[in-house]
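Here are some notes for your reading of this model. Please keep the structure open while you go through the points.

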Amino acid sequence: MEILENLEPLLRTFWYVAIPISVIFIIQTILTFVGADASDGLEPDFNGDFDGADSPFQLFSLRNLINFLLGFSWAGISFYSSINNPYILIPLSIIIGCLFVYLFFIIIKQVQKLEEDNSFKISNTLNKTAEVYLTIPERKTGKGKIMISVNGAFHELEAMTENEAIVSGALVKVVAIENENIIIVKPF
């Protein structure tokens with residue numbers, strides 16, 4: 001670190017923060033892509049199960065501290081030669097550090113949007129078109145079966161109708177769900 005000893009104190013401070021934080025950031029990033037737990041026994045900085053929590057992002061976490069210090073130190077180093085006034089440089093570096101944390105927050109929010117729930121829910125069949133697989137008796141006198149596509153997967157479900165009988169191969173529209181397991185359809 002003799003190279004850093006010859007630098008001015010403020011620039012040297014930025015470098016002393018930037019080097020270890022950059023190493024930690026790189027290790028943390030590699031461990032994230034490898035799939036290892038990089039939290040070192042600390043609480044994770046966001047809820048990993050993405051189950052719709054109101055606040056999936058923790059502002060004060062190790063990862064956000066690293067993101068802040070990464071932006072703060074590298075902004076200080078980058079603008080040190082062009083901004084000579086430390087009363088301008090330090091607040092600018094703090095702002096850029098905060099922007100790094102905000103950018104991380106935006107990235108996490110976008111990643112959460114990629115989540116897709118492919119579990120089958122009968123409520124997702126409502127107002128969808130289906131094909132009658134087994135004839136559906138008239139006026140709820142019995143059950144027939146329909147084939148319906150939900151989230152890209154086909155499902156064979158029991159169905160009833162309030163109208164006349166619907167023969168196999170006919171197209172129907174799901175109009176209601178009774179008792180959370182019987183689909184009510186009408187001819188399409």
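1. In this predicted model, a salt bridge joins the side chains of Lys140 and Glu162, with 3.6 Å from N to O. The two residues sit in distant parts of the chain, 22 residues apart: Lys140 is in the loop between β1 (129-134) and β2, and Glu162 is in the loop between β3 and β4 (171-178). Lys140 is partly exposed, at a relative accessible area of 31%.

2. Lys143 and Glu158 form another salt bridge through their side chains (3.7 Å, N to O). Lys143 belongs to the loop between β1 and β2, while Glu158 is in strand β3, 15 residues apart. Lys143 has a relative accessible area of 48% and counts as partly exposed; Glu158, at 35%, is also partly exposed.

3. The side chains of Lys145 and Glu156 meet at 3.1 Å, N to O, in a salt bridge. Because Lys145 lies in strand β2 and Glu156 in strand β3, this pair ties together parts 11 residues apart in sequence. Lys145 is partly exposed at 26% relative accessibility, and Glu156 is partly exposed at 40%. Shared partners put Lys140, Glu162 and Glu178 into one salt-bridge network. The count of salt bridges is 5.

4. Strands β2 (residues 144-150) and β3 (residues 153-161) run antiparallel and are joined by 7 bridges. Within this pairing, Met147 has Glu156 of β3 as its bridge partner.

5. The 5 strands close into a barrel in the order β1-β2-β3-β5-β4, with mixed pairing. From one strand to the next, the twist averages 55°.

How values were computed. Residues are numbered from 1 along each chain as its sequence is written. This is a predicted model: local features need pLDDT of at least 70, side-chain atom pairs count only at pLDDT 80 or more; totals for chains, interfaces and linings use all residues. Side-chain values use heavy atoms; hydrogens and water are left out. Two strands pair if DSSP finds at least two bridges between them. Helices (H or I, at least four residues) and strands (E, at least two) are DSSP runs, numbered from the N terminus. Axes are lines fitted to C-alpha atoms, for helices over the stretch in contact, and angles run from 0 to 180 degrees between N-to-C directions. A salt bridge is a side-chain nitrogen of Lys or Arg within 4 Å of a carboxyl oxygen of Asp or Glu. Buried means under 20% relative accessible area, exposed over 50%, partly exposed in between (1.4 Å probe, protein chains only).
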